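Good morning, and thank you for joining this meeting.

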Amino acid sequence: MKHQFLTFRSAAYGAFLFTLAQPATALDYVFSAGFYAPGTTAPEPLTSNDVLQINTGAFKFFSGITLTNASGLVNWNADHLYLQSGALVNNQSVWEARTDSNLVNNGGALSAFSNSGTFRKSAGSGNTTIGGIAFVNSGVIDAQIGTILFGGGNATFQAGSQFIGAGSTMINGNANFNGVFTSSNLSLGAGAFTGTSAKLQGNVTLTGGTVSGAWEIASGATLDARSGGFKFLDGSATVLTNNGTIDWGTTNPWYFQSGAALVNQGLFVASETTSVVYNGGAAPAFTNQSGATVRAATGKTLTIGGTAFTNNGGALDAEAGGSIVYSGSATVFNAGTQFTGAGSNRVTNTAAFNGAFTSSNLSLDTGTSTGAAAKLQGSATLTGGSLSGTWEIASGATLNARSGGFKFLDGSATVLTNNGTIDWGTTNPWYFQSGATLVNQGLFVASETTSLVYNGGAAPALTNQSGATV
């Protein structure tokens with residue numbers, strides 16, 4: 001703070017100095033046209049009580065110069081600003097946009113805007129647009145009204161970046177995210193969003209674009225997917241780890257490609273009917289960990305397509321009228337898997353079941369379901385497809401056969417041991433083939449007129465043990 005000093009003298013006591021500090025009046029410097037000249041247009045750097053007013057006028061250029069706002073205030077009141085020939089704006093204090101205007105890259109060596117202070121939009125209900133300049137942020141992006149739009153494809157957000165305000169911040173071009181950042185209003189609309197240990201705290205909306213690199217959604221944070229453009233998870237080095245919530249609230253599919261991986265350790269919820277789609281390149285992966293949940297909301301369907309889906313003991317929750325459909329050929333349900341909810345979990349292609357799992361709503365509709373010491377606890381429905389490998393229906397558990405497609409028990413190494421109940425409630429026959437074996441140690445009941453049919457290959461077997469009932 002600048003001060004004014006007052007000196008008083010006394011006839012009785014001699015001279016003495018009494019200093020009264022008073023704040024100096026803020027000094028305004030006006031830039032309305034032409035080429036900005038540091039030290040002439042305004043001091044370089046701007047310090048406390050220095051205010052640069054960028055006012056209406058003719059074209060305004062920052063050409064090959066450095067403007068440093070160390071502790072002052074820049075009021076960008078009007079007009080586009082043209083940065084050219086390697087100009088650098090270094091904002092360490094407050095740069096306030098009071099206009100729906102643009103920061104424009106105007107040729108020559110790439111110009112840059114470095115913000116470690118606050119870049120604020122406080123007026124104008126439209127867009128304040130950051131063009132092709134290199135914008136590097138480690139400070140605060142404060143959209144109090146309207147939208148701060150990064151559209152130039154050269155934005156980098158370093159650790160500590162904050163996106164705040166009642167307005168919105170939109171990225172419609174490539175951007176890099178490095179380290180931990182917080183957001184209450186950031187929206188990713190188009191471009192490639194590359195993370196380097198990027199960690200979201202707060203809320204971000206995804207309406208379009210490509211997520212790549214290393215990303216984490218922190219515990220308590222939310223990524224909201226909403227309708228817009230195509231959405232991709234892309235790249236062999238891409239791992240998105242969700243420790244919070246991914247709310248997929250759009251019918252737009254999510255395209256996984258080129259070996260990208262989603263690791264869900266929180267909640268992934270399809271709050272609209274949608275699909276996770278394998279879109280080419282090396283096989284991508286979607287892993288749901290123990291303690292995590294993949295959910296289809298009430299009345300909605302989530303289809304997990306060709307993406308390799310592995311459930312490591314997490315919950316697969318289909319709410320009332322909803323369904324999760326596993327239509328890919330690389331689906332794995334490991335020990336501890338829980339199929340829950342008033343809706344349905346439906347397998348419509350190849351799936352592997354490893355170890356014990358619980359179910360209240362699993363339906364095997366088509367494809368081959370292969371067991372490795374697979375043990376059903378609860379109830380499941382068989383409407384079609386083939387069972388192979390080693391399976392057990394636990395005591396108190398039920399496999400309900402219902403009308404649908406062809407049903408097979410297949411393979412020389414296939415043994416299905418029933419310690420609970422098999423309720424064959426359909427006229428569809430059950431085809432035994434290639435040496436498969438059913439060992440009944442519980443109850444096998446034909447609740448509809450049906451047949452068990454030998455369908456070729458090595459002779460299959462049905463064994464009804466002591467204490468069991470057919």
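This is a predicted model: local features need pLDDT of at least 70, side-chain atom pairs count only at pLDDT 80 or more; totals for chains, interfaces and linings use all residues.

The protein averages a pLDDT of 95, and 95% of the residues score at least 70. Residues 1-23 have a pLDDT below 50, and this stretch makes 30 contacts in the model beyond near neighbours in sequence.

Let me turn to the aromatic residues. How many aromatic pairs does a search of the whole structure find? The search returns 43. One of them is formed by F31 and F62, in an edge-to-face arrangement with 5.5 Å from centre to centre and 75° between the planes.

A second pair is made by F230 and Y255. Their ring centres are 6.1 Å apart and their planes stand at 55°, so the pair is classed as tilted. Here too distant parts of the chain are linked: F230 sits in the loop between β27 (222-225) and β28 (231-234), whereas Y255 is in strand β31, residues 254-257, and the two are 25 residues apart. Are F230 and Y255 buried or exposed? F230 has a relative accessible area of 59% and is therefore exposed, the threshold being over 50%. Y255, with a relative accessible area of 17%, is buried because that value is under 20%.

Ring pairs also build a cluster, whose members are W248, W254, F256, F268, F286, F309, Y326, F333, F339, F353, F357 and W391.

I move on to charged residues. Side chains of opposite charge can pair when their charged atoms come close. In this model the count of salt bridges is 13. R120 and E96 form one of them through their side chains, at 3.3 Å from N to O. R120 lies in strand β16, residues 118-121, and E96 in strand β13, residues 94-97, so this pair links distant parts of the chain, 24 residues apart. E96 has a relative accessibility of 12% and is accordingly buried.

Another salt bridge joins the side chains of K199 and E216, at 3.9 Å from N to O. K199 is in strand β25, residues 192-206, E216 is in strand β26, residues 209-217, and the two are 17 residues apart. K199 is partly exposed at a relative accessible area of 26%, and E216 is likewise partly exposed at 25% relative accessibility.

A further bridge is formed by the side chains of D365 and R346, at 2.8 Å from N to O. D365 lies in the loop between β44 (351-364) and β45 (368-382), and R346 lies in strand β43, residues 344-347, so the pair ties together parts that are 19 residues apart in sequence. D365 counts as buried at 12% relative accessibility, while R346 counts as partly exposed at 31%. Salt bridges with shared partners also join E96, R98, R120 and D142 into one network.

Next, the nonpolar core. Which residues touch the most other members of the largest nonpolar core? Of its 97 residues, they are W95, F119, F177 and F353. Setting aside residues up to four places away in sequence, W95 touches I54, L67, V74, W76, L81, V89, F113, T118, F119 and R120.

E96, in strand β13, makes a polar contact of 2.7 Å with S122, side chain to side chain. Apart from neighbours within four places in sequence, E96 is in contact with V74, N75, W76, R120 and S122.

D365, in the loop between β44 and β45, touches R346, V347, T348, T383, G384 and G385, again not counting residues up to four places away in sequence. A polar contact of 2.8 Å also joins the side chains of D365 and R346. D365 and A318, by comparison, are 47 residues apart in sequence and 16 Å apart in space, from C-alpha to C-alpha.

Thank you for your attention.

Technical notes:
Residues are numbered from 1 along each chain as its sequence is written. Side-chain values use heavy atoms; hydrogens and water are left out. Rings of Phe, Tyr and Trp (its six-membered ring) pair if their centres lie within 6.5 Å; planes under 30 degrees apart count as stacked, over 60 as edge-to-face and the rest as tilted. Helices (H or I, at least four residues) and strands (E, at least two) are DSSP runs, numbered from the N terminus. Buried means under 20% relative accessible area, exposed over 50%, partly exposed in between (1.4 Å probe, protein chains only). A salt bridge is a side-chain nitrogen of Lys or Arg within 4 Å of a carboxyl oxygen of Asp or Glu. A nonpolar core is a set of buried Ala, Val, Leu, Ile, Met, Phe, Trp, Tyr and Cys residues joined through side-chain atoms within 4.5 Å. Contact means heavy atoms within 4.5 Å. A polar contact is a pair of N or O atoms within 3.5 Å; within protein, one must be able to donate a hydrogen and the other to accept it, and residues adjacent in sequence count only if both atoms are side-chain atoms. pLDDT is the predictor's confidence in each residue, from 0 to 100.
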